[in-house]
Amino acid sequence: MKIGVYPGSFDPFTVGHHDVLMHAVSLFDQVYVSVLRNVAKNPVFSTQERVDLIRRMVEEEQLSSVKVTYFDGLLVDHCREIGAKYIIRGLRAVTDFEYEFQIGAINRHLSSEVHTVYFMASPEHSFLSSSSVREIGAYGGSIDGLVPECMKNTVAERLRRQ
Ligand code: PNS
């Protein structure tokens with residue numbers, strides 16, 4: 001069974017993340033969306049909120065091969081725990097490449113059994129980031145079309161009152 005893990009901060013999950021997830025679903029038997037419990041990054045959404053929002057979307061879209069979880073510590077250790085041999089990452093633009101190249105190489109150094117697979121973001125999502133969603137939402141702007149429809153209201157309300 002081919003198991004992939006799609007790790008990230010997902011603070012919050014965007015339609016760009018959704019796009020990458022759909023590519024992963026078409027390639028892997030099982031995909032874990034694994035939320036990093038990044039205390040140091042001081043996320044707006046708690047780990048539980050991020051997990052719950054993504055879980056709700058996965059249930060609504062009946063993505064039976066997707067599991068949503070969170071992890072602490074090294075990603076390669078999480079991969080070992082869940083039996084994933086592939087890390088899934090999205091690339092929006094050349095600017096992402098340097099960072100992704102670096103963490104891809106570090107993960108390869110830490111575990112030669114784990115490979116990183118990259119998906120190009122659709123051109124219409126190349127501008128999109130969780131941080132821009134947070135900023136737009138914090139100022140009460142519309143996040144329509146930027147996050148999956150099923151979580152739009154919860155995310156917008158949460159960002160307004162942060
Ligand atoms: O969505 P993000 O914040 O770009 O995701 C970054 C993530 C979660 C992939 C990365 O920070 C990570 O894997 N963190 C876990 C710690 C780790 O394994 N570090 C070694 C590689 S730098």
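In the predicted model, the side chains of Lys 152 and Asp 144 meet in a salt bridge, with N and O 3.1 Å apart, a salt bridge being a side-chain nitrogen of Lys or Arg within 4 Å of a carboxyl oxygen of Asp or Glu. Asp 144 and Lys 152 are joined by Glu 149 in a network of salt bridges. Lys 152 counts as buried, at 15% relative accessibility, where buried means under 20% relative accessible area, exposed over 50%, and partly exposed in between, for a 1.4 Å probe and protein chains only. Because the model is predicted, local features need pLDDT of at least 70 and side-chain atom pairs count only at pLDDT 80 or more, whereas totals for chains, interfaces and linings use all residues. Residues are numbered from 1 along each chain as its sequence is written, and side-chain values use heavy atoms, with hydrogens and water left out.

By the salt-bridge rule the count comes to eight. In one of them, the side chain of Arg 158 meets that of Glu 49 at 2.7 Å, N to O; since Arg 158 lies in helix H6 and Glu 49 in helix H2, this pair ties together parts that are 109 residues apart in sequence. Arg 158 is buried, with a relative accessible area of 15%, whereas Glu 49 is partly exposed at 26%. Helices (H or I, at least four residues) and strands (E, at least two) are DSSP runs, numbered from the N terminus. The axes of H2 (residues 47-60) and H6 (residues 149-160) come within 9 Å and cross at roughly 160°, the axes being lines fitted to C-alpha atoms over the stretch in contact, with angles from 0 to 180 degrees between N-to-C directions. H2 and H6 are therefore roughly antiparallel to each other, a term for angles over 145 degrees, while those under 35 count as roughly parallel, 65 to 115 as roughly perpendicular and the rest as oblique.

A further salt bridge is formed by Arg 37 and Asp 72, whose closest N and O atoms are 2.9 Å apart. This pair links distant parts of the chain, 35 residues apart, with Arg 37 in the loop between strand E2 (30-36) and H2, and Asp 72 in the loop between strand E3 (66-71) and helix H3 (75-82). Arg 37 is partly exposed at 38% relative accessibility, and Asp 72 is likewise partly exposed at 42%.

Ser 26, in helix H1 (residues 15-27), is exposed, with a relative accessible area of 59%. The C-alpha atoms of Ser 26 and Ser 65 are separated by 9.8 Å, although the two residues are 39 apart along the chain.
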